[in-house]
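Here are some notes to read with the model open beside you.

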Amino acid sequence: MPGAGDESGSRPAAGPEFWRQVVERLSAALMVVDPTGRIDAVNPAAERLLGRTAAEVLGEDAHELLHRDATGGTPLREQCPLLRALAEKGPARGDGDSCLRGDGRLVTISWSASPLVDDGSFKGMAVLLTDGTDSTGDPGVRREGAAYTSALEDLNERLTLVAEITDVLGQTLETDEALARLGRLLVPRLADWAAVDLRTGSGRIHRVAVTGPAGRDAALEGGRERLPEAGEEDRSPLVQVLNGGDPVRQEVAEPAAAPPGSGLAAVHSDFLRAVRATSAITVPLGSGPERQITGALTVVRTDPAHPFDDADLGVVSDIGRRVGLVIDNARRFGRQRAVAEAMQRNLLAPLPQPGRLRLAARYQPAPVGSQVGGDWYDAFELKDGTLALVIGDVVGHDLTAAAGMAQLHGILRSLAWDRSGPPGTVVDRLDDAMPAITTVPMATLVLARVEGHPDTGPWTLRWTSAGHPPPLLLTPGGNARYLEAGQGLLLGTHHGGGESRPTATEPLPPGSTLLLYTDGLIEIPGSDLDTGMRRLRRHALALAHAPLDTLCDQLLARMPPGSTDDVALLALRLPAP
């Protein structure tokens, strides 16, 4: 039957100061050791149990300082279970061990240790200590102490789980990946099954993830069902939570067939029956004063001897709040990314094909999960019939960068069309205008003119580079070289009064191919720039005789995995003699 809800669903998550106070006020002794076994912290209860102040133990080797055998000697380090647990980075516990107090007396203790992990890095152990000395011989005292220790271990495990979920979910902005990671953390540490239902734009609820025993996930994924109106009578915990109700804990003694009600209630009831649930918790995904509910999380246990309790309800509610924030952020990111990509693609106008000159271009967004950038290419004919080529990259990785790219794109076209001066002069004017009429702080680009009759040539390339990777020229006979000349400062760093930007000149042989590209094509995490440029040159040479569209497609396809940047590529091929 549904259990009472809890007000924790609307409370903010506790911060580090709160948890510090909790640890200090614990009546149980808590000691923290680093990966080498040295003591990093003790709370007041530990100071009392050990008969030592924090100043006396901090930085000391816990084994050498505290651990003793029955005769009062220090055991070999190889025989210390705590040091062994540190080496294995796993939980451990002991009962009846001797510990040397500061006053020289031996005290019998029971202890349990749990690993401390931060951002994927092992930081040591949290060790709970209890006085195992029983002067009365009363077995009830020992049972009470063991139960108390077990309860503290459960608390530590819950706190560790919430911290891990917060850390792991913060590493992605993709909803599917976040939910997959969530399921792997919840099952089997907290539950036997977990299911996530999300609201869709059409007003329906979609069961998007089900995690359980290996090999049994996909078969239980549900379809899309419409959420009943808030006024409709529907006692399903899932419907109540999605309509803004409190988290629900329910005991499911004998899951029955789906009762009459909404399709959504039937899907949820069928799920509980299919997994043989005996205890379940359903909490909202969402947080904040406006209580924006993006979906619901349901966790299930199937062992009637271990039902969920009120503490579990609080933990799952906290997890639901955190998951809701991740999903909200992912959706906002997705909308921003879609707008930026649409802006970029709409600005990439169809390429001209003057005479026998051939052009091809590609724009590839950053991989899923990365932020959108400000890369662009452009090609257009000037008033005198000369072909202009542009490749550029606005500094930044967000919608602002994409908007800045749109501004530069339009202004550069206007400046290049208005005057037929050398490219260096045009880019100088663009640099002067940037602070006044754009929001772009910094950018790189190459502006080039392809001079010569579009059918017969001869052709000459004149270009300037504002801190951009150099063009790559492929010539007949199997040669390829980067055009390093014409380099000037980045846009945004040149404010007039100095030397004009250089304009370089290079003859273009018939049958040659010119490649302009952004740094996403040559910069791969874990690899230096020279390696990326050598790789591009090698692949371009191998594809030099391929059709221009094939050349562009294959250069993108042969990029090694790991790139986090978008790529713009512009290729020009001159006719053979």
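What pLDDT does the protein chain average, and what percentage of the residues score at least 70?

1. **Confidence.** The protein chain averages a pLDDT of 79, and 74% of the residues score at least 70; pLDDT is the predictor's confidence in each residue, from 0 to 100. This is a predicted model, so local features need pLDDT of at least 70 and side-chain atom pairs count only at pLDDT 80 or more, while totals for chains, interfaces and linings use all residues. Residues are numbered from 1 along each chain as its sequence is written, and side-chain values use heavy atoms, with hydrogens and water left out.

2. **Stretches to treat with care.** Over residues 1-16 pLDDT stays under 50, and the model gives this stretch 28 contacts beyond four places in sequence (contact means heavy atoms within 4.5 Å). Residues 218-225 also stay under 50 in pLDDT, with 21 contacts beyond four places in sequence.

3. **The overall inventory.** There are 14 helices and 23 strands in the protein chain. Both are DSSP runs numbered from the N terminus: helices are H or I with at least four residues, strands are E with at least two. Of the 577 residues, 48% are buried. Here buried means under 20% relative accessible area, exposed over 50%, and partly exposed in between, using a 1.4 Å probe and protein chains only. Take the contacts with a separation of 6 or more: 62% of them come from residues 24 or more positions apart.

4. **A six-stranded sheet.** Look for an open sheet of 6 strands in the order S2-S1-S6-S5-S4-S3, paired antiparallel. Two strands pair if DSSP finds at least two bridges between them. The edges are S2 (39-42) and S3 (67-68), each pairing on one side only. Inside the sheet, S1 (residues 29-33) and S6 (residues 121-131) are joined by 5 bridges in the antiparallel sense, and Val-32 sits opposite Ala-126 in S6.

5. **The helix on that sheet.** Helix H5 (residues 81-88) lies across S1, S3, S4 (92-100), S5 (106-118) and S6, running at about 155 degrees to S6. For such angles, axes are lines fitted to C-alpha atoms (for helices, over the stretch in contact), and the values run from 0 to 180 degrees between N-to-C directions.

6. S13 and S23 run antiparallel and are joined by 7 bridges, with Tyr-363 standing opposite Ala-568 in S23.

7. **The S18-S19 end.** S18 and S19 pair antiparallel over 4 bridges, and Leu-474 is placed opposite Ala-480 in S19. The two strands form a hairpin with 3 residues between them, and Gly-477 in the turn has a positive phi of about 100 degrees. S19 has a covered face with Ala-480 and Tyr-482, and an uncovered one with Asn-479 and Arg-481.

8. Which residues of H14 are buried? In H14 (residues 548-557), they are Leu-548, Leu-551, Cys-552, Leu-555 and Leu-556. Viewed down the axis of H14, they fall within an arc of 125 degrees, so they line one face of the helix; the arc is that of the directions from the helix axis to the C-beta atoms. The buried residues of H14 pack against S13 (358-364), S22, H13 and S23 (567-573).

9. **A buried loop residue.** Ile-524 is in the loop between S22 (513-517) and H13 (529-542). At 7% relative accessibility it counts as buried. Neighbours within four places in sequence aside, Ile-524 is in contact with Arg-535, Met-559, Pro-560, Pro-561 and Ser-563. The C-alpha atoms of Ile-524 and Thr-564 are separated by 7.8 Å, although these residues are 40 residues apart along the chain.

10. **Cysteines.** Cys-80 is buried at 4% relative accessible area, and Cys-99 is buried at 3%. How many disulfides are there? With a disulfide taken as a pair of cysteine sulfur atoms within 2.5 Å, the count is 0.
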